[in-house]
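Visitor: Please show me how to read this structure, one feature at a time. I'd like the general idea, then the case at hand.

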Amino acid sequence: MHELSRRDARRIAVRAQLLAEPRPTDLVDVVRHLAHLQADSTAAIAPSAELVLWSRLGSSFEPADLEVARVSGALVELQGMLRPAGDLALYRAEMAAWPGPGELKDWQVETRDWLVANDHSRRDILDKLHDEGPLPASAFPDTTAVPWESSGWNNDRNIRMLVNLMVRRGEVAAAGREGRERLWDLAERVYPDVPVVPLEEAARTVRERRLRALGVARAKAAQINGESVDVGEVGESAVVEGVRGSWRVDPAYLDDAFTGRTVLLSPLDRLVYDRKRMAELFEFDYQLEMYKPAAKRRWGYWAMPVLSGDRLVGKLDATADRRGGVLRVDAVHEDGRWTKKLRAEVDREIRDLAGWLGLEIDRP
């Protein structure tokens, strides 16, 4: 049992996310270490996947390099995440076992039965992709016999739900984008042809990679947007001073080496995306406010958390106005009292962000 202070845990988390010194240098290696990048298209400043890579690699990272990695097949998209192609062998084990191994839960039975009831529509999609793919979901006519029913969010979105289930079954895969629309194709044309890893081995390997990317994590945790964040029994047991419950830690990060830096983070960065873990370890008050009415926002539509060493210390409220050629900085929210040195470091990062975007800085 490792006894960690909050500072210890924060430093492990920051190092595991490649946000300390020295910076990494290779794009695909970064994604391989992090396990995935969220492929969110919101671009108030830049798409989250690009911001995550810029935070690690610095301004030497070119967004075109990410597209090259996708087109070349080095990275593939699965369930809204960009992942190393080599990892697909792990996730295909779960696809092969869909709707799940062992005794099914009620919701799994209902999902399976809904798919069976709409098998004709499923086959229509596969045939159309075979003949014409890649295609956006809007290209598929809704021929479902039984509509999808939910609490309301996904009602009347039959084709979207059907395609998502076909992704989980390993039949259909994301194959790029056309504007803001995701394109779909037959999975056999997108995924590398590699042997499927046995399910138990695959699940353990995924948890080991998750802990390597997080450094310290709860053994059990709720899913976030369908992505698991728990790590089971991999790593070694730990307690964090001042935080209830047990944790798991990757022992590779227990050597105390730490050289921090100041970084601007995507609101979807994995250091902060698990808001419960963020609050427990960093004691940081933050939430993404893009879905709130403007009048109710405290920090801004796409406010970027500010990391300084092993502390989250503030938020940058900024917007990239590409037509105007400016990065508009509306506010820099300071949590606590900042030193002149910290303000200078944050200003330097803002200048670096603007330069990377090819924009001038516009402050009110």
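Visitor: Which residue stands opposite Val-326 in S14?

Guide: Start with the general idea: strands of a sheet pair through backbone hydrogen bonds, either parallel or antiparallel. Strands here are DSSP runs of E with at least two residues, helices are runs of H or I with at least four, and both are numbered from the N terminus. Two strands pair if DSSP finds at least two bridges between them. Now the case: Asp-321 is the residue opposite Val-326 in S14. Strand S13 (residues 311-321) and strand S14 (residues 326-334) run antiparallel, joined by 8 bridges.

Visitor: Before we go on, what kind of model is this?

Guide: It's a predicted model, where local features need pLDDT of at least 70 and side-chain atom pairs count only at pLDDT 80 or more, while totals for chains, interfaces and linings use all residues. Residues are numbered from 1 along each chain as its sequence is written, and side-chain values use heavy atoms, with hydrogens and water left out.

Visitor: Back to the hairpin of S13 and S14, then. How many residues lie between the strands?

Guide: There are 4, and Gly-325 in that hairpin has a positive phi near 75 degrees. S14 also has a parallel partner: 3 bridges link it with strand S15 (residues 360-362). There, Asp-362 in S15 faces Arg-328.

Visitor: Which strands pair with S9?

Guide: Strand S1 (residues 2-4) pairs with S9 (residues 236-240) in the parallel sense, over 3 bridges. Glu-3 has Val-239 in S9 as its bridge partner. S9 is also joined by 3 bridges to strand S10 (residues 247-249), and these two run antiparallel. In that pairing, Trp-247 in S10 is across from Ala-238. The S9 and S10 hairpin has 6 residues between its strands, with Gly-242 at a positive phi near 85 degrees.

Visitor: In the open sheet of 3 strands, what is the strand order?

Guide: It goes S5-S7-S6, with antiparallel pairing. Strand S5 (135-136) and strand S6 (172-178) are at the edges with a single partner strand each, so one side of each has no neighbour in the sheet. S5 and strand S7 (residues 181-186) are joined by 2 bridges, and Leu-135 sits opposite Trp-184 in S7.

Visitor: Which helix lies across S5, S6 and S7?

Guide: For angles, think of axes as lines fitted to C-alpha atoms (for helices, over the stretch in contact), with angles from 0 to 180 degrees between N-to-C directions; contact means heavy atoms within 4.5 Å. Here the helix is H7 (residues 119-132), which runs at about 90 degrees to S7.

Visitor: Now a helix by itself. Which residues of H2 are buried?

Guide: Buried means under 20% relative accessible area, exposed is over 50%, and partly exposed is in between (1.4 Å probe, protein chains only). In helix H2 (residues 27-34), Leu-27, Val-30, Val-31, His-33 and Leu-34 are buried. Looking down the axis of H2, you'd find these within an arc of 160 degrees, so they line one face of the helix. That arc is taken from the directions from the helix axis to the C-beta atoms.
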